[in-house]
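Hi,

Here is the structure I promised to pass on to you.

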Amino acid sequence: MNATLTDLRAQLTCQDVALRRAAAQSLSQLGEGAAEAAQELVQAVADDDSQVCEWAVSALEELGSPPIEAEAALIQQLANPKADAAYWAATMLGRLA
């Protein structure tokens, strides 16, 4: 069964690490098709699980421009104490321009 983008976004923020890993990996394979998940992917870069972080970075590298609706959430992530998440928030905001 294929998960929808909405499902993957929800799984990326759930408590189950296996689901978060699978969602991040699936999103990394969507390329620009994962743009709607930009804010969740930036949050996932700060995940306690290293595999979730790695897949999230892989997805963000191929993402392209996030939707304008993600701007406010990305601005909030600039203050994330985990430097990688703040970096990716800034990168995604830069891609909006």
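Which residues does Gln 77 touch, not counting residues up to four places away in sequence? They are Val 42, Gln 43, Ala 85, Ala 86 and Ala 89, where contact means heavy atoms within 4.5 Å.

Before the rest, a word on the source. This is a predicted model, in which local features need pLDDT of at least 70 and side-chain atom pairs count only at pLDDT 80 or more, while totals for chains, interfaces and linings use all residues. Residues are numbered from 1 along each chain as its sequence is written, and side-chain values use heavy atoms, with hydrogens and water left out.

Gln 77 belongs to helix α5 (residues 71-77); helices here are DSSP runs of H or I with at least four residues, numbered from the N terminus. Gln 77 counts as buried because its relative accessibility is 13% (buried is under 20% relative accessible area, exposed over 50%, partly exposed in between, with a 1.4 Å probe and protein chains only). Its side chain makes a polar contact of 2.7 Å with the side chain of Asn 80. By polar contact I mean a pair of N or O atoms within 3.5 Å; within protein, one must be able to donate a hydrogen and the other to accept it, and residues adjacent in sequence count only if both atoms are side-chain atoms.

Asn 80 sits in the loop between α5 and α6 and is buried too, at 19% relative accessibility. A polar atom of the Asn 80 side chain also lies 2.8 Å from the backbone nitrogen of Lys 82. Leaving aside neighbours within four places in sequence, Asn 80 is in contact with Ala 46, Ala 85 and Ala 86.

**Leu 93**

Leu 93 is part of helix α6 (residues 83-96). With 18% relative accessibility, Leu 93 is classed as buried. Beyond four places in sequence, its contacts are Glu 71, Leu 74, Ile 75 and Leu 78.

**How the helices pack**

Axes are lines fitted to C-alpha atoms, for helices over the stretch in contact, and angles run from 0 to 180 degrees between N-to-C directions.

Helix α1 (residues 5-12) and helix α2 (residues 17-28) have axes that come within 8 Å and cross at roughly 135 degrees. That makes α1 oblique to α2: angles under 35 degrees count as roughly parallel, over 145 as roughly antiparallel, 65 to 115 as roughly perpendicular and the rest as oblique. Among the residues that meet here are Leu 5 and Leu 8 of α1, and Leu 19 and Ala 23 of α2.

The axes of α2 and helix α4 (residues 50-61) also come within 8 Å, crossing at roughly 20 degrees, so α2 is roughly parallel to α4. The residues in this contact include Arg 20 and Ala 24 from α2, with Trp 55 and Ala 59 from α4.

Finally, α4 and α6 pack at about 15 degrees with axes 11 Å apart, and are therefore roughly parallel to each other. Val 57, Leu 60 and Glu 61 in α4 meet Trp 88, Met 92 and Arg 95 in α6. By class, that contact has four nonpolar, no polar and two charged residues (Ala, Val, Leu, Ile, Met, Phe, Trp, Tyr, Cys and Pro count as nonpolar, Asp, Glu, Lys and Arg as charged, and the others, Gly among them, as polar).

Best wishes

Technical notes. Helices (H or I, at least four residues) and strands (E, at least two) are DSSP runs, numbered from the N terminus.
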